[in-house]
Amino acid sequence: MIVAETKPLEQIRQMLTRHKKVLAVGCGTCVTVCSAGGAKEVGILAASLRMAAKVNSETLEVDEAMVQRQCEVEYLEPLAEKFAGYDAVLSLGCGVGVQSIAQHLPEKNVYPALNTTFMGAPTEQGVWEERCQGCGNCVLHVTGGVCPVTRCAKQLFNGPCGGTEAGHCEVDEAIPCAWQMVWERIGRLGLIDELMELQPAKDWSTSRDGGPRRIVREDLRLPPDDEDYGENAT
Amino acid sequence: MSSFEPRIIAFCCQHCAYAAADLAGGARLSYPDSLHIVQLPCTGRVDVLHLLKSFEDGADGVLVAGCLPGRCHYLKGNTHARQRVDYLRQLLDQIGLAADRARMINISAAMGARFAELATEFTQRIRELGPNRLAAPLQSPATESPETAS
């Protein structure tokens, strides 16, 4: 899932200084699951903003709304009338959600209430860790299901660096060495010989280095209304 | 300010604090009538949003009273409640209300006298902090509550 955390209240208050009536909008998917932008967090943030404004003798009305998926316009359209009644929208969605709302409401100020942090998983209740950087060219089949792009601080592809110590990364003792994990897992799977094969330099053009990425699935696209089917037309 | 009688919402676990409050009453021990008790099956039911809304609706203080550490009938409800109260206290500071307006206490059903003592102590602290500005009409700088005075 996409993991995010709430920005400091003061930073959000600073963003909203020009506005009097704001709609705080949560998202029902990733950020609900990571307890950053679900209905409860919208309630807490909206109440905190209302209270802070009142304590500081400011006028700020903050109402609450939820969208099942902020990143899809189909879910934003039913809220069109609601959006119209506010000076600004405060999105508790990930960066994708904020941008989707901003694109959907070209005349309206849309602000992020969260810092979108990474794609990851909960490792225990209340703890999330990064697991994927979306490099666009997955190598998990080679590394036994442990991602060296994400979990090795140096993104090494051919074994650990000299900084690994007792299974931990030199960057932070709390970080397990990705290559130690790869080695142990591949060993359990009996695939050490395959791991010994040298990996060529990775082609990063599928990652961020090639600019913003786009996937097109022709089989899923909607045909244009005036599609000419020629002789196959019935 | 000396005549100020705070409104305090006390979220009390039915297995301990609620029974302790009952015991205090039965034993004719007095504690401030500023306490408005909300009975809960366990303080683990308490959510940050409940506590925050109490302040937004004008409560001067919020007390969460759960079982003694390690004695929760649902294992860890009181521990979760304490974590939430700690989080709420940070939020209150960011909002500009004093963190001391929220407090978690742990007592057993047999501690009626201690309940009365802690309730009195907390009420006194809230009296010192003054009224919640969210409920009271906005005051002039000369009379504002200590938490907003610079």
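**Strands and a helix in chains A and B**

Hi everyone, let's begin with a helix in chain A: the buried residues of α8(A) are covered by elements that include α7 (148-151) and α9 (192-195) of chain A. Before I go on, please keep in mind that this is a predicted model.

So, which residues of helix α8 (residues 178-188) of chain A are buried? They are A178(A), W179(A), V182(A) and I186(A). Why do they sit on the same side of α8(A)? Because they cover an arc of only 90° around the axis. One more thing to look at here: just after α8(A) comes G190(A), with a positive phi of about 70°.

Let's move on to the strands, starting with a bit of background. Strands of a sheet pair through backbone hydrogen bonds, and the pairing can be parallel or antiparallel.

Staying in chain A, find strand β2 (residues 21-27) and strand β4 (residues 88-91); they run parallel and are joined by 4 bridges.

Now over to chain B. What is the order of the strands in its open sheet? There are 4 strands, in the order β2-β1-β3-β4 (chain B), and the pairing is parallel. At the edges are β2 (35-40) and β4 (102-106) of chain B, each of which pairs on one side only. On average, neighbouring strands of this sheet are turned by 20° against each other, ignoring direction.

Let's zoom in on one pair. Strand β1 (residues 8-13) of chain B pairs with strand β3 (residues 61-66) of chain B in the parallel sense, over 5 bridges. Click on C12(B), and you can find its bridge partner, A65(B), in β3(B). Finally, look at what packs on the sheet: helix α3 (residues 77-95) of chain B, which touches β3 and β4 of chain B. The direction of α3 makes about 160° with that of β4(B).

Note on methods. Residues numbered from 1 in each chain as written. Chains lettered and ligands numbered in written order. Predicted model: local features only at pLDDT ≥ 70, side-chain atom pairs only at ≥ 80, totals over all residues. Pairing = 2+ DSSP bridges. Helix = DSSP H or I, 4+ residues; strand = E, 2+ residues; numbered from the N terminus. Buried ≥ 20, exposed ≤ 12 C-beta atoms within 10 Å, placed from the backbone. Arc of directions from axis to C-beta. Contact = placed C-beta atoms within 7 Å. Axes fitted to C-alpha atoms, helices over the stretch in contact; angles between N-to-C directions.
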